[in-house]
Amino acid sequence: RNTPAYVGLVAEKIAEIKGITGAVEVANPEIHERVCPSKKLVDISNMLDVAGDLGFKKAITIILGLGETLDDVNYIIDYIKDHKIDRVIFYSLNPHKETIYANSSQPASLYYAQVVAQVRLAFPDIEIICGTWIDNLANIGILILSGANGITKFPLFKMFATKYGKRVEEEVKWAGRELKGTFTDKDMLGPQKSEISPE
């Protein structure tokens with residue numbers, strides 16, 4: 001299998017990878033050890049450092065509402081500095097049944113925004129992506145104003161051209177930003193008929 005064609009194919013695929021994401025998950029290492037014992041921080045940190053040495057961009061994910069406090073933002077800031085992180089993806093707790101967080105509530109929108117704002121102030125050029133759920137679309141505007149570059153974690157195809165899609169566009173508009181795409185314009189989908197599906 002070690003033919004030039006095979007090696008070329010592998011090299012082509014590797015060239016498509018822009019970066020590596022480490023699932024840091026918790027903004028407090030002690031809580032992390034309790035909540036995510038299988039995701040060892042030392043392993044994640046080593047992976048990110050090696051990825052940086054290889055020239056990859058580096059991202060981390062953080063879930064807010066797991067028991068951390070605003071004081072723990074300093075841990076996030078230090079982690080970003082220590083591991084030269086390019087992107088932070090924040091999510092808010094989405095409680096699931098049969099977990100220790102089943103009866104917990106999602107973090108307050110202003111708390112979420114404060115965390116984002118502190119990271120933005122510490123790192124003016126970092127990319128910050130914020131996740132929100134379909135029942136928390138009102139968070140979008142304040143998260144953008146707090147410093148988020150983008151939003152994620154909602155079912156786009158179920159929301160498209162519905163009141164939820166309109167709500168996303170309204171949140172972005174009132175935050176003084178413009179979407180690169182659309183959540184409501186069906187014309188952007190192209191003609192309904194095609195050679196593959198003429199019906």
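Which residues in α5 meet which residues in α6? Hold that question for a moment.

First, the ground rules. This is a predicted model, where local features need pLDDT of at least 70, side-chain atom pairs count only at pLDDT 80 or more, and totals for chains, interfaces and linings use all residues. Residues are numbered from 1 along each chain as its sequence is written, and side-chain values use heavy atoms, with hydrogens and water left out.

Now the overview. The protein chain has eight helices and five strands. Those are DSSP runs numbered from the N terminus: helices are H or I with at least four residues, strands are E with at least two. Along the sequence, the pattern reads α-β-α-α-β-α-β-α-β-α-β-α-α. The chain has 199 residues, and 37% of them count as buried. Buried means under 20% relative accessible area, exposed means over 50%, and partly exposed lies in between (1.4 Å probe, protein chains only).

Back to the opening question. On the α5 side we have Ser-109, Leu-110, Tyr-112, Ala-113, Val-116, Ala-117 and Arg-120. They meet Asn-139, Ile-142, Leu-143 and Ser-146 in α6. Contact here means heavy atoms within 4.5 Å.

How do these helices pack? Helix α5 covers residues 109-122 and helix α6 covers residues 139-146. Their angle is about 20°, and their axes are 8 Å apart. Axes are lines fitted to C-alpha atoms, for helices over the stretch in contact, with angles from 0 to 180 degrees between N-to-C directions. That angle makes α5 roughly parallel to α6. The cut-offs: under 35 degrees is roughly parallel, over 145 roughly antiparallel, 65 to 115 roughly perpendicular, and the rest oblique.

Next, the rings. There is one aromatic pair in the structure. The ring centres of Tyr-75 and Tyr-79 are 6.1 Å apart and the planes lie at 50°, so the pair is tilted. Rings of Phe, Tyr and Trp (its six-membered ring) pair if their centres lie within 6.5 Å; planes under 30 degrees apart are stacked, over 60 edge-to-face, the rest tilted. Both tyrosines sit in helix α4, residues 73-83, and because they are four residues apart, about one helical turn separates them. Is each buried or partly exposed? Tyr-75, at 22% relative accessibility, counts as partly exposed. Tyr-79, at 7%, counts as buried.

Last stop: Glu-171, in helix α8, residues 163-174. Its relative accessibility is 13%, so Glu-171 counts as buried. Leaving out residues up to four places away in sequence, Glu-171 touches Leu-137, Ala-138, Ile-140 and Gly-141.
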